[in-house]
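These are my notebook entries on a structure I looked up. I record each point in the order in which I examined it.

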Protein chains: 2
Amino acid sequence: MATIKDIANRLGVSVSTVSKGLNGASDISDELRQMVLDTAVEMGYSTKRSKKVENRKLCIFIENMNYETIDEFGYDIVLGFKQNAFRRKWDVDILPITPAFQEEEKYDTFLLKNGYCGAFLMGLALHDSWIKQLENTTMPTVLFDNFISGNPNVCYLGTDSYEGITMAVNHLVNLGHKNIAFLNGSLYSLVSDQRQEAFESAMAAASLPVQKDLTAYGYYVSDSAKYHVPGFLSAGATAVVCGNDLIAKGVIDECTKRGFRVPEDVSVVGFDDISIAATFDPPLTTIRQERNELGRCAYDILNSLIHHIPISKTLLRPKLIERESTARCAHRD
Amino acid sequence: MATIKDIANRLGVSVSTVSKGLNGASDISDELRQMVLDTAVEMGYSTKRSKKVENRKLCIFIENMNYETIDEFGYDIVLGFKQNAFRRKWDVDILPITPAFQEEEKYDTFLLKNGYCGAFLMGLALHDSWIKQLENTTMPTVLFDNFISGNPNVCYLGTDSYEGITMAVNHLVNLGHKNIAFLNGSLYSLVSDQRQEAFESAMAAASLPVQKDLTAYGYYVSDSAKYHVPGFLSAGATAVVCGNDLIAKGVIDECTKRGFRVPEDVSVVGFDDISIAATFDPPLTTIRQERNELGRCAYDILNSLIHHIPISKTLLRPKLIERESTARCAHRD
């Protein structure tokens with residue numbers, strides 16, 4: 001476990017400054033205090049909390065999502081959540097869950113008996129039994145990438161997929177591409193639906209047809225590419241927008257295997273900007289989800305729900321990250 | 001101006017408790033401190049702030065919206081914003097603006113030269129010149145009921161109109177109504193569009209046709225009713241969903257004038273739940289916008305934007321408030 005000295009070394013400040021930051025002393029700036037607290041969480045520092053504050057616990061449930069190492073999608077989301085929660089003296093437990101666990105334990109009961117005041121749920125599948133239970137839960141709940149209608153205790157948090165895919169298409173259109181393919185993620189997912197709708201609108205706005213043989217649903221894994229890229233290439237695609245970065249990796253590999261160079265022959269755009277996207281060959285142009293900010297926001301919303309502010313939906317802006325997997329369209333013969 | 005004693009009297013606590021609440025003393029509960037601060041803002045108390053905090057100012061710009069008395073739509077929104085801002089030691093100025101003022105003053109320049117760190121904009125019209133400028137503003141900005149695409153400094157805040165209108169239609173369908181009319185607010189408004197789309201989807205979901213002579217756009221004022229209600233009644237409407245409570249007031253008056261009783265002959269549902277809605281004759285069934293919570297949320301989002309969390313959109317849940325202007329459908333001959 002990190003000590004106060006470790007934190008001081010990392011930040012290049014004195015031990016007493018770190019101590020002031022952790023203890024809420026008033027003679028250091030807000031910015032410095034924030035940096036100390038954020039770094040303390042990041043380095044795994046923990047301490048006995050103030051005795052004035054009763055035990056307050058929140059929980060993050062995670063399914064179908066990797067988060068344990070810094071390379072993985074969920075890592076920064078969890079970190080951001082813990083950073084904002086720590087500042088307000090909440091304890092946070094991280095619990096990986098399975099469908100079987102959800103069958104055994106009722107959602108509300110599980111939170112109550114374990115003393116959680118609210119929860120943040122990431123990666124749940126639409127058919128999970130807890131999703132059904134969220135329609136009537138009385139526990140403040142933030143749900144990543146999923147919307148529950150009619151329950152003021154549950155808020156949907158995500159990145160604005162619509163704006164993200166629109167950015168991706170516009171980027172390719174500006175590079176002169178017309179035969180733009182879209183390899184989406186899984187069917188039956190709220191974000192896949194949003195991305196499909198956004199792709200179709202953005203193409204229409206650019207007066208480009210959406211060709212049936214240039215769009216497909218896959219899964220959110222690299223392997224999806226091999227089933228669809230050959231068809232896209234025969235149909236004359238000069239660019240492929242992908243449902244996430246892993247799919248984009250598969251698309252790049254599949255193009256290369258078939259003698260198409262990226263980006264000279266085919267431009268490829270990902271979604272997410274996971275940390276390895278910059279290390280792909282070529283480095284991936286992608287639509288970034290601001291994951292640390294998503295995590296911070298998840299805590300802020302949970303805090304609002306706990307205070308009876310019935311937020312239904314919060315979306316964050318995506319950001320186009322231009323790297324080397326996209327280039328001006330060179331028409332093929 | 002309210003004194004500490006006034007606040008103490010209102011809350012029924014001692015002057016020293018109020019003083020502790022205002023000064024952040026640690027020996028009163030969080031809940032009590034919050035109540036003291038909220039009441040202080042509500043009663044117009046102000047004091048010299050702590051000398052440690054530099055001057056921090058936010059601004060609320062208001063156009064086309066009344067907010068000065070407790071009966072008016074904007075009042076609770078402004079109050080909620082000030083309550084949350086006060087707690088974090090921000091000063092808040094409220095500035096009514098006009099289109100002419102927007103032509104004279106550039107948005108960013110006006111904020112900068114007056115020392116504002118961010119702003120909350122309410123009631124602006126789509127063609128206002130500041131709306132155009134928001135596409136590129138660098139100032140953290142929360143915009144009520146309007147969406148600006150592509151700028152991470154601007155967030156859209158509103159009530160989920162889609163869910164609200166769906167609730168209104170479902171409420172009427174459950175009462176046996178089939179010939180449901182919709183008198184929307186103004187054309188060329190984001191929320192009117194959302195409400196129109198929601199009305200059509202909710203009717204479709206209930207397997208009811210959307211009849212051309214049962215839907216119309218008016219303006220967000222009572223006077224709209226007289227142009228459309230006669231047509232709705234001839235077309236056999238047994239219920240009218242309205243774009244806001246003022247329109248609903250006009251609809252009730254127009255029905256009554258023409259010998260139709262509300263709710264015996266025609267059910268009427270409003271939107272907003274402004275404070276006078278409960279005093280209509282009959283008291284209005286309506287879809288409530290949680291205005292104090294919207295104001296609190298506006299501050300919270302502005303604070304997030306200032307800390308570079310690029311929130312794009314936040315919606316709050318509406319709530320069906322059942323009063324006496326709706327009743328089971330009695331088919332007319």
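In which helix of chain A does A:Arg195 lie? I note at the outset that the model is predicted. I found A:Arg195 in helix H9 of chain A.

**Entry on A:Arg195.** I next looked up the accessibility of A:Arg195. This residue is buried, because its relative accessible area is 4% and buried means under 20%. I then listed the contacts of A:Arg195, leaving aside neighbours within four places in sequence: they are A:Ser161, A:Ile165, A:Phe182, A:Asn184, A:Tyr220, A:Gly243, A:Phe271 and A:Gln289. For one of these, A:Asn184, I also took the spacing. A:Asn184 and A:Arg195 are eleven residues apart in sequence, and their C-alpha atoms are 7.5 Å apart in space.

**Entry on the negative patch.** I turned to charge on the surface. A patch of negative charge gathers A:Asp193, A:Glu197 and A:Glu200 with B:Asp193, B:Glu197 and B:Glu200. Which helices each supply at least two residues of this patch? I recorded helix H9 (190–205) of chain A and helix H9 (190–205) of chain B. I checked A:Glu200, which lies in helix H9 of chain A. A:Glu200 counts as partly exposed, because its relative accessibility is 39%.

**Entry on the nonpolar patch.** I looked for a nonpolar patch on the surface and noted one formed by A:Leu126, A:Leu187 and A:Tyr188, with about 360 Å² of accessible area together. Of its members I examined A:Leu187, which is found in the loop between strand S6 (180–184) and H9 of chain A. With 42% relative accessibility, A:Leu187 counts as partly exposed.

**Entry on B:Glu163.** Is B:Glu163 buried or exposed? I placed B:Glu163 in helix H8 (residues 161–174) of chain B. B:Glu163 counts as buried, because its relative accessibility is 8%. Apart from neighbours within four places in sequence, B:Glu163 is in contact with A:Phe147, A:Ser149 and A:Gly150 of chain A, and with B:Arg317 and B:Pro318 of chain B.

**Entry on A:Val36.** At 0% relative accessibility, A:Val36 counts as buried. Neighbours within four places in sequence aside, I recorded contacts of A:Val36 with A:Ile7, A:Leu11, A:Val18, A:Gly21 and A:Leu22. I also noted that A:Val36 and A:Ile4 are 32 residues apart in sequence and 9.8 Å apart in space, C-alpha to C-alpha.

Key
Residues numbered from 1 in each chain as written. Chains lettered and ligands numbered in written order. Predicted model: local features only at pLDDT ≥ 70, side-chain atom pairs only at ≥ 80, totals over all residues. Heavy atoms only, no water. Patch = residues over 30% accessible without salt bridge, like charges linked within 9 Å, V, L, I, M, F, W, Y side chains within 5 Å. Areas by Shrake-Rupley, 256 points an atom, 1.4 Å probe, with all protein chains shown as cover. Salt bridge = Lys/Arg side-chain N within 4 Å of Asp/Glu carboxyl O. Lys, Arg positive; Asp, Glu negative; His and termini not counted. Charge placed at Lys NZ, Arg CZ, Asp CG, Glu CD. Helix = DSSP H or I, 4+ residues; strand = E, 2+ residues; numbered from the N terminus. Buried < 20%, exposed > 50% of the residue type's maximum accessible area, 1.4 Å probe, protein only. Contact = heavy atoms within 4.5 Å.
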